[in-house]
Amino acid sequence: MSLPTLDRLDLQILQALQLDGRAPFSRIAAVLGVSDQTVARRYRRLHNAVNMRVLGITDENRFGRQSWIVRLHCTPDAAEQLADALARRPDTQFVHLTSGGTEIVCGMKPRSRKERDELLFGRLQRTRQIVRVTAHCLLHSFYGGPLGWLNKSHALTPQQESALRLPDPAPLDAPLIADAADEALLAVLRRDGRATLADLQTATGQSESAVKRRLETLRSTGALYFDVQYDQGPLGQGVSVMLWLTVTPRALADVGSSIAAHQEVDFVSAITGQENIVVTAHFESSEQLYAYLSEKIGALDGIQAVESALVLRQVKQLTYEPNR
């Protein structure tokens, strides 16, 4: 089956939504110099053609919580079933099958220390199909979160980017505390980042003004941002890989910052563990991956070891869709 073809306007709309996932079609249209109807029509096309979704994501650091990447080595007969079960959990952000289908890598956001310990030291350790569990706490993000590969697509001009980009988050004196209405609002946005104010009012039981006010607070502090999920093949990203780097401590910042600037990379973070930097990158072919490893990664000082693992299947990118 042939992949859908995306033109420049499609890519511009995708990048615009990465910059501001809730930007009205009228605002995007004005910046791109097209009609509101054109943007709405292209949005629907992208939704159907490349499974595009705009989803609300929380920055756990802003709530005083930790984020983790967990590697699970499984028996070959159990990996897909376990991956599907993890993908259905609300505290997983992504779930990938790698390493010949015997390893699951997932991003996890436990809401409390109790939830973390119950998961890492209890449930996963008691699952007999899991051979080994390695958990890495995210320490410092060099690239990721509200920034993704679409920010590097250069579909928009610098002037267009400036017109759509939101201000940087305000610093916080103390972690935010989400109340019941916030949690209800965030739950809706995790499923649909462009949910209407009426939908958010219904979910929270709050007035329109209260919903607008809380939404603005969550966004302006960086506690809530919006990311774009899409099928990567049509954008020339048919080969996805996770890299686990062991870097000397003195070179950690330089290596992380250098990799963050690479066109192919959409996520890089310092982590706990012997492998102290994790990277996610996308390529059109395995030959491009080889060139990247040998020329770009190989050129960086301070890297002692590199482990690469192809992502065989994205069970969950940002949201779980079992019927895909």
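Biologist: What rules apply to the values?
Modeller: Residues are numbered from 1 along each chain as its sequence is written, and side-chain values use heavy atoms, leaving out hydrogens and water. The model is predicted, so local features need pLDDT of at least 70, side-chain atom pairs count only at pLDDT 80 or more, and totals for chains, interfaces and linings use all residues.

Biologist: Is Phe 226 buried or exposed?
Modeller: Phe 226 sits in strand β6, residues 224-229. Strands are DSSP runs of E, at least two residues, numbered from the N terminus. Buried means under 20% relative accessible area (1.4 Å probe, protein chains only). Phe 226 has 4%, so the answer is buried.

Biologist: What separates the C-alpha atoms of Phe 226 and Asp 20?
Modeller: Along the chain, the two are 206 residues apart. Phe 226 also touches Gln 18, Gly 21 and Arg 22, among others; contact means heavy atoms within 4.5 Å. The C-alpha separation is 7.0 Å.

Biologist: How many disulfides does the structure hold?
Modeller: A disulfide needs two cysteine sulfur atoms within 2.5 Å. The sulfur of Cys 106 is 9.6 Å from its closest cysteine sulfur, in Cys 74, so a bond is ruled out. For Cys 137, the nearest cysteine sulfur is that of Cys 106, 14 Å away. The count is zero.

Key. Helix = DSSP H or I, 4+ residues; strand = E, 2+ residues; numbered from the N terminus. Buried < 20%, exposed > 50% of the residue type's maximum accessible area, 1.4 Å probe, protein only. Lists of a residue's contacts leave out its neighbours within four places in sequence.
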